[in-house]
Every structure is written in structure tokens, then in C-alpha cells.
Amino acid sequence: MEELSFKSLSSVAELLRTRQLSPIELCTAMLRRIEAIDPQLKSYATVTAELALEQAKRSEEEIQTDFYRGPLHGIPVAVKDLCYTRGIPTMGGLKIRKGFVPEYDGTVVARLAAAGAVLLGKLNLTEGALSAYNTEFPIPVNPWDSRLWSGVSSSGTGVAVAAGLCYVGIGTDTGGSIRYPAMANGVVGMKPTWGRVSRYGLLALAESLDHVGPMARTVEDAATMFVVLAGQDSSDPSTLSEPVPDQPSFLSENLSGLTLGVDERYLTTGTDIGLVAAIEKALEILQTLGARLVEVSMPAEGPMDYRDLWLPLVGYEAYRAHGEYYPERADEYGDYLSGVLEMGRSLSAEEYSQAKDRRAAFNRRFVAELEKVDAVICPSGGMVFPVEQSKQYGNAEVMKEVVKHFQGQFTIPADLAGTPTLSLCCGFNEKGWPYGMQFMGRRLSEATLCRFGHAYQQATSWHQHHPSLTTEV
């Protein structure tokens with residue numbers, strides 16, 4: 001099972017399609033692995049064993065009768081616990097939501113089911129998908145080293161994917177919450193163009209910034225899942241009408257004709273020197289694969305400047321998203337989220353409008369640089385770091401020790417602009433901690449970003465490195 005659990009989605013899908021592997025046997029083995037390992041990793045908020053076995057049985061019956069739905073048919077997956085699942089708790093890391101059980105599936109969950117995926121369960125996250133955890137919930141443990149940070153709100157997804165506790169998972173990203181856990185756990189994370197994946201049936205943090213996307217161990221697997229998730233949805237008027245390409249068919253090992261933007265100052269300022277060296281090595285590899293490097297000049301703000309641009313938008317929108325409960329039940333909220341909601345509560349409509357104007361002005365500068373090339377390379381959000389668990393439950397003052405490590409200049413811009421990114425592992429330091437790099441692209445350029453990422457993975461083996469796990473982590 002150890003070897004099988006770390007196989008790619010595409011290779012397991014072929015075993016299922018050709019009936020060399022039974023969906024029921026695979027599901028049962030994955031559930032046993034979760035039972036053995038996850039008590040230490042704490043990636044799952046809810047394990048849906050009964051539903052998973054029911055879906056696996058249906059998949060097996062369909063495949064046996066030559067009704068094959070596609071590459072996710074019979075594949076064990078998991079979703080972040082802010083995705084509505086009919087009849088299953090959807091808590092969002094919130095104490096006030098502990099008793100909430102939706103009566104319908106969110107669009108992404110429904111699309112996974114229609115593709116024949118097997119839902120193993122719901123994954124832990126920070127409170128309300130912001131930066132800190134509520135003390136009612138456990139903090140997912142980084143499988144590479146239990147002392148390390150496991151990422152922001154999609155931490156449970158990052159941990160589960162890295163540890164072989166699901167083949168692919170769903171994450172969300174408002175300020176870096178797909179990219180940070182992808183970096184911290186050494187996996188692939190795709191933040192699509194805003195509106196590319198429906199947000200219907202998801203607990204919101206900040207609607208104009210929230211993105212939904214896949215997390216996986218290979219770029220090909222992330223692309224496969226993206227094609228299933230993406231597309232217009234009548235239940236979400238913000239979804240885009242542009243057709244979704246058959247993304248895996250665009251993957252190519254040759255990058256001939258593609259341009260890759262590099263801003264050395266942007267890439268290196270405040271960045272771990274080992275990570276910089278890993279990205280420089282990646283640039284050499286990408287050039288040998290045909291990519292042409294082009295100098296770009298990214299907006300020069302620092303991490304806190306980006307945070308100051310982003311935070312008023314989040315606070316204002318999050319306060320309204322929590323209007324059903326806050327401030328009436330403020331005592332059930334953690335200090336960090338409460339502080340952001342109070343800030344949003346204090347902002348006037350005029351101040352919010354001014355924040356949107358600043359966002360629009362920044363977006364024009366950021367997008368202008370993206371338009372010069374096919375993609376821009378940079379870190380995925382910095383370097384993973386050790387952190388005390390107690391600080392991740394803290395208020396804004398205590399959390400300063402955590403957020404000071406965030407390199408928001410690499411994550412916040414693409415959320416503000418709604419443009420796509422792809423994060424993947426590009427090496428490890430001498431302690432065995434993963435390095436992560438990111439490709440940022442123009443609107444609707446997910447296929448091109450995957451072409452860069454897939455070519456890099458075909459030429460390297462970092463994605464084939466996995467944490468050594470037993471029942472002791």
C-alpha cells in the first residue's frame with residue numbers, strides 16, 4: 001500500500017480502467033492507511049468511510065460493465081472542509097459550524113461525484129480559511145517534519161496529498177492558501193483564474209478573492225482534476241463562460257517558443273538563499289527544455305505593503321460573509337479571525353471602495369508585466385519554517401511570529417488580479433525540508449502553466465520524493 005498510495009493518479013487510473021485494480025480494494029486500503037497514519041497527521045476533519053465504500057462499489061460495478069467515466073473514476077480524493085457535502089458536516093474550521101450539515105453538494109463536490117471519484121473525507125483547515133486555527137480543531141502536521149509549519153488554510157489538503165492519504169484534493173486560495181501548503185508540504189498546487197472553478201456551495205472568506213483549485217503530487221494529476229472542476233456553473237454567476245481546454249492534452253516536455261519572465265530583485269529579496277539556488281537551477285533546466293528567459297519588472301512593494309493592500313478587502317467581505325453569526329456569537333470565534341472581522345466591521349462602504357480602487361491600480365501594473373511573457377517564475381510563498389503549535393491558535397499579536405515568515409509578495413498579487421498560478425516542489429534543503437517555486441501567468445493560461453510544470457517534472461525527480469511515514473510521525 002505504501003508504494004500504491006504514492007503512485008500518480010494517472011497510473012492508478014489505468015490500473016482501475018484495465019481492471020488490474022479493484023476500486024473497492026483501493027478504497028479499503030486507503031481507508032486503512034488513513035486509520036493508521038492520520039491520527040498523528042490530523043489532516044482529516046471527517047473520514048467518510050461509508051460513503052467512500054458505497055462510491056467505490058458503484059465505480060467497480062460500472063467499470064466491470066465497461067462504463068468508464070474518465071480518469072477520476074474510482075480514484076480516492078478528499079476535499080477541504082469548507083466544501084458543502086450533502087449529509088456530511090461542513091465546519092470550515094469554525095466552532096459555530098460544528099453542527100452544520102448541508103442539504104446539498106457544492107458544485108465541485110458534485111462534479112467529482114459525476115466523474116466517479118471516491119470521496120474519502122473532509123480535510124482540516126484554519127478557522128474560516130484565514131491564517132490561524134480555532135482551538136476546537138487540530139492543526140495538521142507536516143509529514144516531512146512535525147516541527148514544521150504545514151501551510152495556511154489548505155494545510156489539511158497539503159498534508160493529506162503529501163502523505164499519500166488521497167491522490168488529489170481540493171484547496172482554496174484567498175491570499176496564498178493553495179500555494180503556501182503546496183510549498184510547505186512539497187506538492188503541486190494550482191490556483192486557477194478567478195471564476196474558472198465554481199464557488200457555489202463553499203463557505204466564503206472574501207468572495208472577490210476566493211479561488212478554488214486542485215492539489216496533487218504531479219502537475220499532470222492537478223491538470224486532470226482541474227478539467228473536471230472547471231467550467232461555467234449557472235449556480236455561480238461569477239463563473240466564466242470560456243470553454244475549458246482538455247488540459248492534459250496540452251502537456252508537453254518541450255517548451256520551445258515559450259517565454260519565462262524573471263525579475264531577479266523580486267525573486268531574491270528576502271528569500272532563503274537555498275531556495276534561490278534551487279530556482280536558479282530550475283531556470284537552467286527550463287532553458288534546456290526550450291524556454292527563453294525574459295527580464296520583467298514586477299511591482300516593487302514589500303510583503304507588508306501587499307498585506308495592507310489585501311487586508312481591508314478581506315476584512316470587509318469576510319465580515320459580511322459571517323453576518324449570520326457575527327458579532328452576535330463573537331465569543332465562539334478565535335481571536336485572530338475576530339480581529340479581522342472587527343476591522344471589516346469598522347470599514348465604511350467608501351473605504352471599501354477606495355480599497356478596490358487601490359486594488360485596480362495595482363492589478364494594472366501586475367498584469368502588464370504578465371502580458372510580456374508566457375509565465376513568470378518566483379517562489380511559491382517563501383520557505384517552510386518551524387513553528388510552535390500554540391502560536392497558530394493565537395491573536396494578531398501572537399500570530400506575528402508566524403506571519404512574519406510569509407512572503408506575501410509572491411502570493412497576494414495573483415489573488416488580487418484573479419490570475420492563475422502553479423506551484424510545485426523544486427528541491428529540498430540539507431534538513432530535508434521542501435523548496436517550492438511558482439509559475440504565474442496571464443488570465444486563463446492554466447494550460448501553459450501546466451506545460452511549464454509538467455516539463456520540469458519530466459526532467460527532474462523531486463515530485464517522486466515522499467515523506468517516510470509509519471504509525472509514528
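Modeller: Let us begin with helix length, for which the expected span of a helix is 1.5 Å times one less than its number of residues. Please bear in mind throughout that the model is predicted.

Biologist: How do you know that the span of helix α10 agrees with its 16 residues?

Modeller: Helix α10 covers residues 273–288, and at 1.5 Å a residue it should span 22 Å; its end C-alpha atoms lie 23 Å apart, so the two values agree.

Biologist: What is found at the start of α10, and what just after it?

Modeller: At the start, a side-chain oxygen of D272 comes to within 2.9 Å of the backbone nitrogen of G274. Just after the helix, G290 adopts a positive phi of about 115 degrees.

Biologist: Which residues of α10 are called buried?

Modeller: They are G274, L275, V276, A278, I279, A282, L283, I285 and L286. The term requires a relative accessible area under 20%.

Biologist: Why is M437 called buried?

Modeller: Its relative accessibility is 0%, and the cut-off for buried is under 20%; M437 therefore counts as buried. The residue belongs to strand β11, residues 434–440.

Biologist: T90 lies in a loop, between β2 (76–80) and α5. Is T90 buried or exposed, and why?

Modeller: T90 is buried, because its relative accessibility is 0%.

Biologist: What makes the pairing of T90 with K122 a polar contact?

Modeller: The side chains of T90 and K122 are joined at 3.0 Å, and the limit for such a pair of N or O atoms is 3.5 Å. The side chain of T90 also makes a polar contact with that of T85, at 3.4 Å.

Biologist: Why is R19 called partly exposed?

Modeller: R19 has a relative accessibility of 39%. Partly exposed covers the range between the buried limit of 20% and the exposed limit of 50%, so R19 counts as partly exposed. K42 is placed in that class because its relative accessible area is 31%.

Biologist: What is noted about the backbone of R19 and of K42?

Modeller: Phi of R19 is positive, near 65 degrees, in a residue other than glycine. K42 is not a glycine either, and its phi is positive at about 60 degrees. R19 sits in the loop between α2 (9–17) and α3 (23–41), while K42 sits in the loop between α3 and β1 (44–47).

Biologist: What is the volume of the largest pocket, and which residues lie nearest its centre?

Modeller: The largest pocket contains about 360 Å³ of space. Of its 24 lining residues, L202, L203, A204, E207 and A321 lie nearest the centre. The lining divides into 13 nonpolar, 5 polar and 6 charged residues.

Biologist: Finally, how do you know that the dimensions of the chain agree with those of a compact globule?

Modeller: A compact globule of 473 residues would have a radius of gyration near 23 Å; the chain has 21 Å, and the values therefore agree. The C-alpha trace spans about 60 × 60 × 45 Å along its principal axes. Buried residues make up 63% of the chain, which contains 16 helices and 11 strands.

Key: Residues numbered from 1 in each chain as written. Predicted model: local features only at pLDDT ≥ 70, side-chain atom pairs only at ≥ 80, totals over all residues. Heavy atoms only, no water. Helix = DSSP H or I, 4+ residues; strand = E, 2+ residues; numbered from the N terminus. Buried < 20%, exposed > 50% of the residue type's maximum accessible area, 1.4 Å probe, protein only. Polar contact = N/O pair within 3.5 Å; in protein donor to acceptor, adjacent residues only side chain to side chain. 1 Å grid on protein atoms, 1.4 Å probe; cavity = no way out; pocket = protein on both sides within 12 Å on 5 of 7 lines; lining within 4 Å. Points joined across faces, edges and corners; volume = space filled by probe spheres on them. Nonpolar A, V, L, I, M, F, W, Y, C, P; charged D, E, K, R; others polar. Rg over C-alpha atoms; globule rule 2.2 N^0.38 Å.
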